[in-house]
Amino acid sequence: MAITTVVFDVNETLSDLTPMGARFAALGAPEGLGPLWFAATLREGMAQAAGGELTPFAELARTTAAGLLRRHGVAEPDAGARHVVDGFLELPVHDDVHGGVAALRSAGLRLVTLSNGAASVAERLLGDHGLREQFDAVLSVEDAGIWKPAPASYAYALRTCGVDAAESVMVAVHPWDLHGAARAGMATAWLDRHGDTWPGYLSPPTFTVGALPELAGHLA
């Protein structure tokens with residue numbers, strides 16, 4: 001069955017989270033807390049998903065940011081955490097995103113997003129960078145009731161789009177996300193911008209590309 005629908009992760013896959021480090025630095029904390037904070041937020045969300053529960057990304061993100069800021073002696077960590085999380089509304093997209101999206105649309109593919117964050121944040125990101133009209137749907141796991149990589153999150157996206165798993169491909173920079181999609185029956189595309197090594201204990205991706213524009217050639 002031919003692939004008709006490309007499902008994108010959003011955070012780090014489309015958006016560039018590098019500026020989040022500067023948000024911590026502006027509060028007097030180490031800039032290197034940016035990646036640690038994001039990983040901690042994912043950890044909390046996945047822990048809840050393992051128990052069949054869901055807390056919105058923004059709430060988890062504020063809690064983990066406040067904890068890190070408190071640990072580093074930042075005054076008023078709760079207010080600082082709000083400053084950090086507000087940075088999500090000002091993120092750039094990666095340099096390869098515009099060209100990749102254009103190539104996939106030119107190939108006649110339908111594009112949607114499925115984020116562990118709020119749909120409104122993804123809408124803002126795509127709108128700010130002139131990409132919203134290229135996407136047929138902007139979906140969030142908050143409407144699925146559970147975070148990725150739980151099977152029900154991918155099932156929600158497929159059901160909403162009205163496609164079979166075999167007609168879709170999940171695109172992400174996170175191996176754990178693609179492993180979950182593969183378990184749900186989807187094809188997977190690993191966007192490996194940094195030449196990393198795929199974890200051998202996870203389901204291997206269907207496709208691996210170093211930049212998003214390369215994917216259209218695999219799917220055409």
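What volume does the largest pocket have? I looked this up before anything else.

**Entry 1: the model.** I note that this is a predicted model, in which local features need pLDDT of at least 70, side-chain atom pairs count only at pLDDT 80 or more, and totals for chains, interfaces and linings use all residues. Residues are numbered from 1 along each chain as its sequence is written, and side-chain values use heavy atoms, with hydrogens and water left out.

**Entry 2: largest pocket.** I find a volume of about 530 Å³ for the largest pocket. A pocket here is an open set of points on a 1 Å grid over the protein atoms alone, with protein on both sides within 12 Å along at least five of seven lines; a cavity is a set where a 1.4 Å probe fits but cannot get out, and lining residues have an atom within 4 Å of a point. Grid points are joined across faces, edges and corners, and a volume is the space filled by probe spheres set on the points. Of the 27 lining residues, I list Glu 12, Phe 38, Val 173, His 174 and His 194 as the closest to the centre of the largest pocket. Helix α2 gives the most to this lining, with 6 residues. Helices (H or I, at least four residues) and strands (E, at least two) are DSSP runs, numbered from the N terminus.

**Entry 3: second largest pocket.** I read a volume of about 210 Å³ for the second largest pocket. Of its 17 lining residues, the closest to the centre are Phe 57, Ala 58, Val 85, Phe 88 and Val 121. Helix α6 gives the most to that lining, with 3 residues.

**Entry 4: cavities.** How many cavities of 30 Å³ or more does a search of the whole structure find? I get 2. The largest cavity has a volume of about 50 Å³, and its lining includes Phe 38, Phe 57 and His 174. The second largest cavity has a volume of about 30 Å³; among the residues that line it are Phe 88, Arg 124 and His 129.

**Entry 5: the sheet.** I traced 6 strands in an open sheet, in the order β3-β2-β1-β4-β5-β6, with parallel pairing. Two strands pair if DSSP finds at least two bridges between them. The edge strands, each pairing on one side only, are β3 (137-140) and β6 (207-209). I count 4 bridges between β1 (residues 5-8) and β2 (residues 110-115), and Val 7 stands opposite Val 112 in β2.
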